[in-house]
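Q: I would like to take a close look at one part of this model, the pairing of charged side chains. Please walk me through it slowly.

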Amino acid sequence: NRQLTQVTKQLASSVRRAKGVDVTELKGAADQAVATVKETLGGIDALIAAGDLEAAMESLEGLQEQMEEARQKTQIIDSVANVSKVVRDMQRQIKAFNRDIKKLERKKTDVTVLKAALAEFKSKIEELSAAAKGGTDPEDLFGLMEEMFELKEALQDQLDELRGVEKEILP
């Protein structure tokens, strides 16, 4: 019940912040998942009261899937609500990448691959920014954000490799 309350509050907050993006369909899907969770909870209580623990456990497994669906829809809404902030942050990241590339160039390091990766990253940010302004479907917008973060991660990995920074592998 506590998780359900959290998801419901997060959903309402995310929808309020999603100005300029039509999240009606996603909100409807999330609301439906929340309603199904509430209904399933009531059914589980009835099954437990009737002594049918096996059926209650099966319903509980389905409940977890429904909660995950509600969380995913809420996460998508939350992400698209923050898209302009993400774009601003990534534009700052581009400046940092440019500084790092210039440092490597001064050390006579070949940064051709890095510059190509940076150009691809910039292009994805521009695509995301245009999509956010153009009323793109929220799930497509979320997909663009994921692609952009993957490009950023790959660029950071290439930069670290050229700098000779080794990633620590956590046990």
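Q: Is Lys27 buried, partly exposed or exposed, and what is its relative accessibility?

A: Lys27 counts as partly exposed, because its relative accessibility is 30%, and a residue would have to be under 20% to be called buried or over 50% to be called exposed. Please keep in mind that this is a predicted model.

The partner of Lys27 is Asp31: the two form a salt bridge in which the closest N and O atoms are 2.6 Å apart. Asp31 also counts as partly exposed, at 31% relative accessibility. Both residues belong to helix α2, which covers residues 24-50, and because they are four residues apart there, about one helical turn separates them. In general terms, side chains of opposite charge can pair when their charged atoms come close.

A second pair is found in helix α6, residues 138-163, where Asp160 and Arg163 are three residues apart and so are again separated by about one helical turn. Asp160 counts as buried, with a relative accessibility of 11%, whereas Arg163 counts as partly exposed at 41%.

The salt bridge between Glu105 and Lys115, with its closest N and O atoms 2.6 Å apart, links distant parts of the chain, since Glu105 lies in helix α4 (residues 83-106) and Lys115 lies in helix α5 (residues 112-133), 10 residues apart. Glu105 counts as partly exposed at 32% relative accessibility, and Lys115 is partly exposed as well, with a relative accessible area of 42%.

Charged residues can also be joined in a network of salt bridges, and in this chain Lys85, Asp89 and Arg92 are linked in that way. The count of salt bridges comes to 10, in a chain that carries 26 positive and 32 negative side chains, with the centres of the two sets lying 14 Å apart.

To place these pairs in the whole, notice that the protein chain has six helices and zero strands. Its radius of gyration is 22 Å, while a compact globule of 171 residues would have one near 16 Å, and its C-alpha atoms fill a box of roughly 75 × 45 × 20 Å along the principal axes. Buried residues make up 35% of the 171 residues, and Asp160, at 11% relative accessibility, is one of the buried residues.

Technical notes. Residues are numbered from 1 along each chain as its sequence is written. This is a predicted model: local features need pLDDT of at least 70, side-chain atom pairs count only at pLDDT 80 or more; totals for chains, interfaces and linings use all residues. Side-chain values use heavy atoms; hydrogens and water are left out. Helices (H or I, at least four residues) and strands (E, at least two) are DSSP runs, numbered from the N terminus. The radius of gyration is taken over C-alpha atoms; the globule rule is 2.2 Å times the number of residues to the power 0.38. Buried means under 20% relative accessible area, exposed over 50%, partly exposed in between (1.4 Å probe, protein chains only). Lys and Arg count as positive and Asp and Glu as negative; His and the chain ends are not counted. The place of a charge is taken as NZ of Lys, CZ of Arg, CG of Asp or CD of Glu. A salt bridge is a side-chain nitrogen of Lys or Arg within 4 Å of a carboxyl oxygen of Asp or Glu.
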